[in-house]
2 protein chains.
Amino acid sequence: MLSFTEENYLKALLQITLEFDDKPGAGTNELANQLNVKPATATDMLKKLKDKKLVDYKKYGKISLTAIGRRHAIEIVRKHRLWETFLFKKLSFTWDEVHEVAEQLEHIQSQKLVDRLDEFLSYPEFDPHGDVIPNAKGELRVAFKKTLAEVAEGQSCKMVAVKDNSAGFLKYVVKVGLGINNNIKVLSKESYDAMLTIEVNDVVSSVSQKFAQNIFVVCPWCEDGKSCSKTKCEIK
Amino acid sequence: MLSFTEENYLKALLQITLEFDDKPGAGTNELANQLNVKPATATDMLKKLKDKKLVDYKKYGKISLTAIGRRHAIEIVRKHRLWETFLFKKLSFTWDEVHEVAEQLEHIQSQKLVDRLDEFLSYPEFDPHGDVIPNAKGELRVAFKKTLAEVAEGQSCKMVAVKDNSAGFLKYVVKVGLGINNNIKVLSKESYDAMLTIEVNDVVSSVSQKFAQNIFVVCPWCEDGKSCSKTKCEIK
DNA sequence: TATATAAGTTAGATTAACCTAACAAATAAG
DNA sequence: CTTATTTGTTAGGTTAATCTAACTTATATA
């Protein structure tokens, strides 16, 4: 049985290694930072997780999950996102409120509970932030996504998820009038500071580059004519 | 903010002091026993809880909750029983499965979650074991109950709750054909070993004294003509 | 009431998860 | 290719929650 803390390390490791496709592994500082602990603490825990055969790790080397570690991590992500969906759909939480509570609920140990919750929610595919919920087999379908910041001037796209799940960002997203599945047209891009002028539901607004980098979109027809939305997700 | 462990001590203390009406307070061994720790461990924690003004405690004396400690404990019991009700009513758990998972869920910190869960369940009054769920104000209505073992020969009564919530006992209760709200007639009582012959739904069976002492009942008309079922609960 | 037993406390040790400070290795920059 | 910087590790210490063993206080009984 894994402790809360161990589970959090595994989850953080999964999140880091999933950041981009060909990531070789996580670093100690990176991991420590994600978990709000000091690097020395992370080193200690990594030795422990290595002994338990949950991570591949050697001194001064890159860190990655073993197959077993990965399976655990995915199960935690599954629980997290199922609980978020429960809070959102059944208990009327807003999308900026669900993350914090799910951070606690994801550690509840009961396979039956997870299975029944999944069933109760009719096997949802996405959580309230648009992230894919791993299925019961532990398959994590990872969609190829681009951020709003990468969309070319004049292009239209559809918002599918957010990168930053913090309450602060999510509230801001709502304020700008955005939400999952909204169609966004990029009217113009300022070359000086990369500010974007976008149109959503016939309302025009301006957003910063930082903001745009945290909005995931798919756009069916890109400038070069090739689709960037591989709608058939890849199982990683 | 209280730790899991501190919460468990408060809950155990409430359970012990509620055992019977004029209980002066808990003992260290009693408490340690309930929590499956050694008395020495309990002593340490009691000092800590005393410093936090959650328990009234002095060396070698009886232990009781302060008003604040009690309020905390009741909130934990409320959460426990609401979660049990959720698992039972919404996720089709059986009554012998809910306790274990609720032991974990009761520690989730989110006032909003508790309130919304209560609302989602339509403000239930009783959990699957027949125990009263404290309301949002922290009022714990304690019903005056007698056990099946105290019912006189020839009397009829109604099962309202169980004393022992362990999965083993609950499965046995089901096997005997009993459940909350069943009407039970005590046909005879063996004077030698206090075995009871009871009739439930026209089925006659025999139960031990130990068993009968863990079944709570109300019986409207007792031998002496006085009602033992004070249906208007007392708020303690 | 004196003493045996039960109940409760103290002291000292352990483990998990964290820290700081000092050091070592790897990488980047001149 | 040497040095500066970043990154990561080690050593030693802290806190919460637990333990065992030895001791003290309270209670029950002869």
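In α3(A), the buried residues are Ala42(A), Leu46(A) and Leu49(A). Seen down the helix axis, these buried residues fall within an arc of 65°, so they line one face of α3(A). The arc is taken from the directions that run from the helix axis to the C-beta atoms. Buried means 20 or more other C-beta atoms within 10 Å of a residue's own; exposed means 12 or fewer; partly exposed lies in between; C-beta atoms are placed from the backbone.

This is a predicted model: local features need pLDDT of at least 70, side-chain atom pairs count only at pLDDT 80 or more, and totals for chains, interfaces and linings use all residues. Residues are numbered from 1 along each chain as its sequence is written, while chains are lettered from A and ligands numbered from 1 in the order in which they are written.

**Helix α3 of chain A**

Helices (H or I, at least four residues) and strands (E, at least two) are DSSP runs, numbered from the N terminus. At 1.5 Å a residue, the 13 residues of α3(A) should span 18 Å; the end C-alpha atoms are 19 Å apart, which agrees. The expected span is 1.5 Å times one less than the number of residues in the helix. On the other side of α3(A), Ala40(A), Asp44(A) and Asp51(A) are exposed. The cover over the buried residues of α3(A) includes α1, α2 (28–35) and β1 (55–56) of chain A.

Lys53(A) follows α3(A). Lys53(A) is found in the loop between α3 and β1 of chain A. Its phi is near 60°, a positive value in a residue other than glycine.

**The DNA surfaces**

Near a strand means that the C-beta atom, placed from the backbone, lies within 6 Å of it. Around DNA strand C there are 20 residues, and Ser3(A), Ala40(A), Gly27(B), Asn29(B) and Ala40(B) come nearest. α1 (4–17) and α3 (39–51) of chain A, with α2 (28–35) and α3 (39–51) of chain B, each supply at least two residues of this surface. The largest share, five residues, comes from α3(A). By class, the surface near DNA strand C has seven nonpolar, seven polar and six charged residues. Ala, Val, Leu, Ile, Met, Phe, Trp, Tyr, Cys and Pro count as nonpolar; Asp, Glu, Lys and Arg as charged; the others, Gly among them, as polar.

DNA strand D is surrounded by 19 residues, of which Gly27(A), Asn29(A), Ala40(A), Ser3(B) and Ala40(B) are the closest. Two or more residues of that surface come from each of α2 and α3 of chain A and α1 (4–17) and α3 of chain B. α3(B) gives the most, with five residues. The classes near DNA strand D are seven nonpolar, seven polar and five charged.

**Between the chains**

The contact takes 13 residues from chain B and 13 residues from chain A. Two residues are in contact if their C-beta atoms, placed from the backbone, lie within 7 Å. On the side of chain B that touches chain A, α5 (98–105) and α6 (111–120) of chain B give two or more residues.

In α5(B), the buried residues are Val98(B), His99(B), Val101(B), Ala102(B) and Leu105(B). They cover an arc of only 165° around the axis, which puts them on the same side of α5(B). Their cover includes α6 (111–120) of chain A and α4 (67–89) of chain B.

**The core**

The largest nonpolar core has 114 residues; Leu13(A), Val217(A), Leu13(B) and Val217(B) have the most contacts inside it. Such a core is a set of buried Ala, Val, Leu, Ile, Met, Phe, Trp, Tyr and Cys residues joined through C-beta atoms within 7 Å. Leaving aside neighbours within four places in sequence, Leu13(A) is in contact with Ala26(A), Leu31(A), Val55(A), Ile63(A), Leu65(A) and Ala73(A).

| Residue | Exposure | Other C-beta atoms within 10 Å |
|---|---|---|
| Lys53(A) | exposed | 11 C-beta atoms |
| Asn181(B) | exposed | 9 C-beta atoms |

Val37(B) is found in the loop between α2 and α3 of chain B. Leaving aside neighbours within four places in sequence, Val37(B) is in contact with Ala32(B) and Ala42(B). Asn181(B) lies in the loop between α7 (167–176) and β6 (183–189) of chain B. Phi of Asn181(B) is near 75°, a positive value in a residue other than glycine.
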